[in-house]
Amino acid sequence: MSVDRNPTQYLKEEYERLLSEKLTWEPRELQSSSGADCRMDGKQVIMLAANNYLGLSTHPRVVNAMIRATEEYGAGAGSDRSIAGDMGVHEQLDSRLARFKRAPASLTYPTGYAVNEGLIPQLATRGDLFVSDELNHGSIIDGIRLSHADRAVYRHKDADDLARVMKEAEQHDPRYRQIWIITDGVFSMDGDLAPLPDIANIAREHGAGVYVDDAHGEGVLGEQGRGIVSHFGLSHKQIHAEMGTFSKAFGVVGGHVTGSEFLRKFALNKSRSWLLSGAIPPGVAAACIAAIDVLDSEPQWLAKLWENRNHFINAAQQLGFDTGNSETPIVPIMCKESGIARELADFVWEKGIYVLPIVFPMVARGKARIRVQLSAKHTKDQLDQAIAAFKEGGEKLHLI
Ligand SMILES: Cc1ncc(COP(=O)(O)O)c(C=O)c1O
């Protein structure tokens, strides 16, 4: 018997649908290192879309650490950490990061995505509840979807609404066994901050756990870039799980979760993305350790990042651009319509500036924007060149 079914037909049809709705993703090719000045698709451009906030991906201490460890231990760890790939350098990274974060323990994972997707579903199960900011990152949403717990959403950054949701949750019958409040620390599309002290207070009143995604806060906020928990002067007794990534300000790749010793032991034994996925290569782990060392000993990069961020946002606001609620080196240039955001990105590309248009469905309809990400490596001249291009494009498209 043969059933008339074509397994690849759906792929073709779905791709064609995306294409017709202009929703396909076609990354440009980066033909140089990820610096302030890059080669992309055969063109020299100023990079304003990278997460390499401090320029550490090319820092000599970071690069040399990667080379040395690779020469000594090889290109790969040969296994998952859980089986036969847990090298000394991974353990060193865990403890170096915990020390940097001033927390009892950390556990590093293959990526930040793997932390959210692998750990969150284990934190709560049937009879429990996740309470999530409506604008949380997709990896958090995926993690929550993978769990058997109930879920509730509160309005973006709205502590009063969170308090309301928590109050309603207390009426649930049977009583929830445990509740986790989950939030981005820095929201990746808007560059604004979660009201973490308020969240910690509300959580304490209800005996709930707090899980914060610090992907865009590490290396950017807090004392020497220790991140959002440090920024708000909180401790890991109030913020029970702080996840992050080495793929952004640290300039390398890999994820982590930081908190108590028991969090580390729990995460190590329960996260399928840790147990069932290859260890980051030893060179990567060594580079991450070197990046933490740089953050601790070279404060000039953090200072320069903020100087550049302030220069850019002040100039953009003076021109009349709506920069949303940015509080960090992620600066949105609000365009409302997806078509306008795309046109502005294309316009500045022609002037040698690379930025990412963030359009529906990445953000809600009517909230399209250009996401500008500043780095410590930009020169004032490069930023002024970008501002001049935005001014011309903004006037042409009647944004200013
Ligand atoms: C807020 C947030 N969380 C998690 C991640 C995932 O991090 P990684 O790149 O290490 O997988 C990202 C990356 O885009 C992010 O922006």
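How many Å separate a polar side-chain atom of His-216 from an oxygen atom of the ligand? The distance is 2.8 Å, a value that, like every other in this report, was computed from a predicted model.

## The ligand and its surroundings

The ligand is surrounded by 13 residues, and the closest of them are Gly-112, Asp-213, His-216, Thr-245 and Lys-248.

| Residue | Part of the residue | Distance to a ligand oxygen atom |
|---|---|---|
| Tyr-113 | backbone N or O atom | 2.9 Å |
| His-137 | polar side-chain atom | 3.4 Å |
| His-216 | polar side-chain atom | 2.8 Å |

Taken alone, the ligand would expose 390 Å², and the protein buries 83% of that area.

Strands of a sheet pair through backbone hydrogen bonds, and the pairing can be either parallel or antiparallel. In this model, seven strands form an open sheet in the order 3-9-8-7-6-4-5, and the pairing within it is mixed. Strand 3 (105-109) and strand 5 (150-154) are the edge strands, each of them pairing on one side only. On average, and with direction ignored, neighbouring strands of this sheet are turned by 20° against each other.

Another open sheet is formed by three strands in the order 10-13-12, with antiparallel pairing. Because strand 10 (330-336) and strand 12 (356-358) each have a single partner strand, they stand at the edges, and one side of each is left without a neighbour in the sheet. Neighbouring strands here are turned by 30° against each other on average, direction ignored.

Strand 12 and strand 13 (residues 368-373) run antiparallel and are joined by three bridges, and the bridge partner of Ile-358 in strand 13 is Arg-369. Helix 14 (residues 338-350) lies across strand 10, strand 12 and strand 13, running at about 35° to strand 13. In the loop between strand 12 and strand 13 lies Pro-361, which is joined to Phe-360 by a cis peptide bond with omega of about 10°.

## A hairpin and its turn

Strand 1 (residues 37-40) has a covered face, made of Cys-38 and Met-40, and an uncovered face, made of Asp-37 and Arg-39. Strand 1 pairs with strand 2 (residues 43-47) in the antiparallel sense over four bridges, and Arg-39 stands opposite Gln-44 in strand 2. The two strands form a hairpin with two residues between them, and Asp-41, in the turn, has a positive phi of about 45°. Asp-41 counts as partly exposed because its relative accessibility is 40%.

Arg-102 is another residue other than glycine with a positive phi, in this case near 55°. Arg-102 lies in the loop between helix 4 and strand 3, and its relative accessible area of 54% is why it counts as exposed.

## Glu-298 and two further places

When residues up to four places away in sequence are not counted, Glu-298 touches His-59 and Arg-61.

Arg-164 belongs to helix 7 (residues 159-170) and is partly exposed, with a relative accessible area of 38%. Arg-164 and Tyr-154 are 10 residues apart in sequence, while their C-alpha atoms are 8.5 Å apart in space. Pro-174 has its place in the loop between helix 7 and strand 6, and a cis peptide bond with omega of about 0° joins Asp-173 and Pro-174.

Technical notes:
Residues are numbered from 1 along each chain as its sequence is written. This is a predicted model: local features need pLDDT of at least 70, side-chain atom pairs count only at pLDDT 80 or more; totals for chains, interfaces and linings use all residues. Side-chain values use heavy atoms; hydrogens and water are left out. Buried means under 20% relative accessible area, exposed over 50%, partly exposed in between (1.4 Å probe, protein chains only). Two strands pair if DSSP finds at least two bridges between them. Axes are lines fitted to C-alpha atoms, for helices over the stretch in contact, and angles run from 0 to 180 degrees between N-to-C directions. A residue is near a molecule or strand if one of its heavy atoms lies within 4 Å of it. A polar contact is a pair of N or O atoms within 3.5 Å; within protein, one must be able to donate a hydrogen and the other to accept it, and residues adjacent in sequence count only if both atoms are side-chain atoms. Accessible areas come from the Shrake-Rupley method with a 1.4 Å probe; for residues, only the protein chains shown count as cover. Contact means heavy atoms within 4.5 Å.
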